[in-house]
Structure formats: structure tokens, C-alpha cells
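Have the sequence and the model open side by side as you read.

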Amino acid sequence: MTSTAEIPEYPMARAKGCPFDPPPALQAKQAEGPLTKVRLWDGSTPWMVTRYAEQRALLADPRVSSDITRPGYPSPTPLNGAAPISFILMDDPEHARLRRMVTAPFTIKRVEAMRPAVQKIVDDLIDEMLAGPKPVDLVTAFALPVPSLVICELLGVPYADHDFFQDNSKVLINRDAAPEQRMAAVGRLNVYLNDLLGEKLANPGDDLLSGLTEVIRTGELSQHDAAGIGVLLLIAGHETTANMIALGTLALLENPDQLALLRDTADPKLVSSAVEELLRYLHITHNGRRRLALEDIELDGQIIRAGDGMIMANDIGNRDPDAFPDPDRLDIQRDARHHVAFGFGVHQCLGQPLARMELQVVYSRLYKRIPTLRLAADLEEIPFKHDGSVYGVYSLPVTW
Ligand code: HEM
């Protein structure tokens, strides 16, 4: 067991020049065993679960809680407990009750019905890029607008407000933002969603938020909780996918053999396998799945005590050689479908069919329509999101 003095700080730094690989210190911990300890910003020392099999077992274990308001929860930042973001940070049965109210639009069938509209959004944005000046920042011109337009359409949020919600969600997922700034950003988003729900109560449309007004009317859901769900879906719906588009493009540009395979294929199965492999390889939600033990749990000859915090480091879980042979190689032809980039267990990503479809459309269109796409800066000049709970790039200058 590691002595107190040796417990490393978490999050850990990535190696210079290796923007796609998890921190080497974390990978070294994984090689030592499935369970270790780390030190957080508040001095607490939760367990760190490093290996794929143990991470999945614990994420599916009913003795494990996601409730951020419980003492001992390993919060990534101060004051998180005072600003819980809807059901992602709750336990069943309340988590399941709220999640059930918004599952229907995310089923594979409903998402597939949206594919032609997403293809149009993607093609229109590529047309605009091709008609405009170059170099261009792929994040602002393409990676951010694609999922933002899609989630706005699905929720019934006016896209004209995108600067407002993108600015606030940027603060919310920035680990280095002051607690007061984060609280203010959640507050503004809640007020915005609450007002929008008020309008939809008076004048419902054919969108997810209007659907929620029906359960507000029956008294099954308060307007306050509905606004919280809206904030969760709005943030989760665009931040993650946007980072996968930009960082995925950068990873492919840095692996030209893989980019050529993807660009030259007409096989939707290879496109889909590329999406899964990039999700595994990049694992953008690299802050770990944060949990708390409700009972004593034995693992690898040690006891995780009731009340102990746990972090499942899914980024290195996705690089576990026992689950993925030669894990540090990007190989779009491998079967990576069992990755944990969308988490595992009851909190597994609700939006994954939508994210998968958006990424399949993007990865099958962008490189075919702009075959000479290339970086317009050195890799060392690209600003990576080392300070965010979602990893990616702040900007990506490209040309063709
Ligand atoms: C590539 C894109 C995405 C990635 C990598 C991703 C990743 C994740 C992960 C890892 C979790 C599990 C959190 C945990 O267990 O603590 C999660 C949950 C969630 N995601 Fe996603 N996500 C993506 C896209 C989306 C989209 C497009 C939506 C749609 C609105 C969405 C909505 C949600 C929601 C609502 C939850 C909470 C589920 C629950 O607690 O039951 N995500 N996501």
C-alpha cells in the first residue's frame, strides 16, 4: 500500500508532446495493480481504480453511489455539492425516475430518423468553410456548431442563443474557474432554461423541453427539476461531441495512414468502427467517474470502506492491455465497441446513440469532402484543454 507521503496528486499531467495519451504516472499505477490512492485539490485521498475490469464491476455495483451531496464524495472542484447538475449526480430511484422522462428521443430509432437532418447540417457547414477564407479554426467553424445545432433542435432551444450557453458551459466545465464563477454560470443557465420552459408551458412545440411541460403539468416534475435536466442535456449534448470532432480530427491528421483508410472507405461499418476506436483512444471525459462506497467492498485483497471516495480512471481503462491489445496504437479497424468512453452501469451515457450518429456523419463527410485537409499550425502551438473536465482543443487552425 502506498504511504501517505507518496500519494500522487490527481489529475496528473500528460507527457509533453503526447497529447493523446493518458498521464504516464497514471499508466504506471495501472501496471502496479487495479487499486491505488490519489490526492485531490481538497487534500482528500480517494481510491483510484485503474483497470478496465474492476472499473466496470464497480460502476455496475449497487453498493456504489453517484450522489455528489454525500460527505466524502470525491468532487473534482469546490462547491460542486452546492450545484448538483440533475440526475447524473443522483442515485436511483430518483435518478431512474428523472432519466426515464427523457430517454425516448435518444433511442436508436429516433436518432436514426435525425440522420438526414444532421447530414444536411454537416454538409452546409462544410460548404460555408469551403466558400470562406482559410486557414480557419475548425472548432468555431465546424466542431462546435454541429452538435450545438443538433441539440438545440432536439431540445427546442433557440440556436441564436449559442454564445450565451456555450460561454456559460465553458466556465462550468473548467476545473480552474473560481467556485463563485461556476455557481454563477449554473445559475444563469438554470434561469435561462426555466424561462424557456415557462414559454413552452404557454406555447408548447414539438421538442424535448415541450415534452417535459406535460409532466410539469401533471405534477410529476417540478419546473425547477425540468430546468436542471435541460441544463444537463444542453451541456452534455454539445461539449463532449464537439471535442470529439476537433480532437478526433487532430488525432487522424497525426495518423495519416488511419485518416486515409477512413477517407477512402465507403463501408459504414469501418466508419462506425473508427468512431468507437477514436472514442476509446481519446477518452475525452478524462476526469474519471467519481463515486462513493455505500458499504464495505473488497477488491484485490483490500477493503474499500463505506464512505470512501472512488475514481474510476476510464481514460486508462480504455488503454488497459488486458482489454485492448496494443492499447496505445490508434487502429480504426480494431473492435473497440466495449470501451468505457460512455461510462458503464446505470449512469452510462444517455446520449450515446446521438453522439455516435453525429460522429459517424462527421467522420464520413469531412475528410472526403476536404481530402487535402491539414493543420495550419505546428502541433506544439495547439492549445489543449488541460484545465477542463472534458479534454480537447480550444482551437484547431486548419487549411486545405
Ligand atoms: C462523444 C460524446 C459523449 C461522450 C464521450 C459522453 C460521455 C459520457 C459519460 C462518460 C457519461 C457517464 C457519466 C458517469 O457515469 O458519471 C455520460 C453521461 C451522460 N451523457 Fe454523455 N457523452 C457524450 C455525448 C452526449 C450527448 C450527445 C448527450 C445528449 C444530450 C449526452 C447526455 C448524457 C447524459 C444525460 C448523461 C447522464 C446519464 C445518467 O446519469 O444516467 N451525452 N456521458
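## Ground rules

This is a predicted model, where local features need pLDDT of at least 70, side-chain atom pairs count only at pLDDT 80 or more, and totals for chains, interfaces and linings use all residues. Numbering starts from 1 along each chain as its sequence is written, and side-chain values use heavy atoms, with hydrogens and water left out.

## The sheet at a glance

Let's start with the strand order. The open sheet has 5 strands, running E1-E2-E8-E5-E3 with mixed pairing. Strands here are DSSP runs of E with at least two residues, helices are runs of H or I with at least four, and both are numbered from the N terminus. Two strands count as paired if DSSP finds at least two bridges between them.

At the edges sit E1 (35-37) and E3 (64-65); each has a single partner strand, so one side of each has no neighbour in the sheet. Helix H2 (residues 52-59) packs on the sheet and touches E2, E3, E5 (289-293) and E8. Contact here means heavy atoms within 4.5 Å. The direction of H2 makes about 125° with that of E8; axes are lines fitted to C-alpha atoms, for helices over the stretch in contact, and angles run from 0 to 180 degrees between N-to-C directions.

## Who pairs with whom

E2 (residues 47-49) and E8 (residues 309-312) run parallel, joined by 3 bridges. Trp47 stands opposite Met310 in E8, and Val49 has Met312 as its bridge partner there.

E8 also pairs with E5, this time antiparallel over 4 bridges. Met310 faces Arg291 in that pairing, while Met312 has Arg289 opposite. Moving on to E3, 2 bridges join it to E5 in the antiparallel sense, with Val64 partnered by Ala293.

## Buried strands

How many residues of E5 are buried? The count is 5 of the 5, so E5 is largely enclosed by the rest of the structure. Buried means under 20% relative accessible area, exposed over 50%, and partly exposed in between (1.4 Å probe, protein chains only). Arg289, Arg291 and Ala293 are on one side of E5, with Arg290 and Leu292 on the other.

E8 is covered on both faces too: Gly309 and Ile311 are buried on one side, Met310 and Met312 on the other.

Cys349 lies in the loop between helix H14 (314-317) and helix H15 (352-369).
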